[in-house]
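Here are my notes for you to read alongside the model. Keep the viewer open and find each residue as you go.

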Amino acid sequence: MEERPAPLALKIVAFIMFLFLLAPVVLVVPIAFSADSYMTFPPSGWSLRWYVDLMHNSKMMGALGTSTLLAVIVTALSMLIALPASYAIVRMRVIGADALLAFFTAPLLLPTIVLGLAILIVFAGAGLLGTFTGLVIAHLIIVLPYALRVLTTSLAGLPLIFEEAASTLGASPLTIFRRVTMPMIAPGVVATAALSFLVSFDEAVISLFLTGPRITTLPVAMYQHVETQADPLVAAISVLLIVLTLAVVLIVDRTAGLTKTFVK
């Protein structure tokens with residue numbers, strides 16, 4: 001069936017929607033390079049003073065280090081858990097596989113505020129509030145459903161015939177997984193790692209319930225800064241986070257290809 005080109009009116013509407021979605025970015029970038037002492041648009045002058053202030057802001061830099069370390073650990077743990085779990089669900093056809101997948105991805109259906117309150121109540125009794133271990137466990141609860149969903153999609157779209165062919169040639173299950181399955185789902189694995197890192201790094205609501213004076217994450221530190229001050233420091237941090245996100249997307253594109261991220 002021959003595809004018809006989209007009507008001009010539809011293209012115009014899509015363009016307007018893109019502008020609407022990108023409007024916050026268009027506003028944040030100039031403010032991040034403002035020479036003013038408060039947020040104003042358009043800026044009266046241009047300067048890199050807020051990036052210099054960020055380098056000397058011990059609270060923000062400490063929160064950045066915490067968020068980065070937290071995201072790396074959560075990403076590694078989510079991959080170690082989600083990869084064998086998704087393989088068992090898709091390939092080993094365990095009893096109640098669909099029910100298990102629905103159970104493990106259930107946090108995606110809950111409002112974040114409700115999930116955060118539930119974690120707060122449980123962690124308060126376990127003494128995990130305001131601890132790095134508590135943050136790792138809480139972020140893992142949030143990230144793991146995303147990792148499972150992406151990896152199960154990749155495995156479900158991978159033809160079983162390749163693994164069966166390797167099996168008939170005498171390869172062991174471990175060898176099949178290492179030499180056949182993993183290379184073919186590599187785009188999905190790369191995408192899962194990137195998504196897990198970004199979700200953990202950007203998580204604010206859950207972290208608000210668990211952080212304290214001794215430990216905080218960058219999104220929480222930004223939220224607390226905006227509550228008390230109206231300078232462009234947060235805008236400067238936001239631009240750096242946009243650059244980080246674009247860098248992750250480019251890494252995925254260069255290593256796996258965005259069009260091959262999910263095996264179809």
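1. Start with Ser86, which touches Leu148, Leu151, Thr152 and Leu155, leaving out residues up to four places away in sequence. Contact here means heavy atoms within 4.5 Å. Ser86 sits in helix 3; helices are DSSP runs (H or I, at least four residues; strands are E, at least two), numbered from the N terminus. Ser86 counts as buried because its relative accessibility is 0%. The cut-offs: buried is under 20% relative accessible area, exposed is over 50%, and partly exposed is in between, with a 1.4 Å probe and protein chains only.

2. Before going on, know what you're looking at: this is a predicted model, where local features need pLDDT of at least 70, side-chain atom pairs count only at pLDDT 80 or more, and totals for chains, interfaces and linings use all residues. Residues are numbered from 1 along each chain as its sequence is written, and side-chain values use heavy atoms, with hydrogens and water left out. The score pLDDT is the predictor's confidence in each residue, from 0 to 100. The protein chain averages 81, and 93% of the residues score at least 70.

3. Now helix 6 (residues 132–156) and helix 9. Their axes are 9 Å apart and the packing angle is about 160 degrees. Axes are lines fitted to C-alpha atoms, for helices over the stretch in contact, and angles run from 0 to 180 degrees between N-to-C directions. So helix 6 is roughly antiparallel to helix 9 (under 35 degrees is roughly parallel, over 145 roughly antiparallel, 65 to 115 roughly perpendicular, the rest oblique). On the helix 6 side, the meeting residues include His139, Tyr146 and Val150; on the helix 9 side, they include Gly188, Leu195 and Val199.

4. Take a second look at Val150, in helix 6. With 9% relative accessibility, Val150 counts as buried. Its C-alpha atom is separated by 32 Å from that of Ala235, 85 residues apart along the chain.

5. Compare helix 7 (residues 161–168) with helix 8 (residues 173–184): the axes come within 10 Å and cross at roughly 160 degrees. That makes helix 7 roughly antiparallel to helix 8. Phe162, Glu163, Ala166 and Ser167 of helix 7 make the contact with Ile176, Val180, Thr181 and Met184 of helix 8.

6. Which residues touch the most other members of the largest nonpolar core? They are Met60, Leu218 and Ile237, out of 20 residues. Such a core is a set of buried Ala, Val, Leu, Ile, Met, Phe, Trp, Tyr and Cys residues joined through side-chain atoms within 4.5 Å. Several helices each supply at least two residues, among them helix 1 (8–32), helix 3 (58–90) and helix 12 (233–255). Helix 12 gives the largest share, seven residues. Setting aside neighbours within four places in sequence, Met60 is in contact with Leu54, Leu218, Ala221, Met222, His225, Leu233 and Ile237. There's also a second, separate core of 16 residues, including Leu115, Phe123, Leu140 and Val199.

7. Last stop: Gly45, in the loop between helix 1 and helix 2. Is Gly45 buried or exposed? Buried, because its relative accessibility is 16%. Beyond four places in sequence, Gly45 is in contact with Phe33, Ser34, Ala35 and Asp36.
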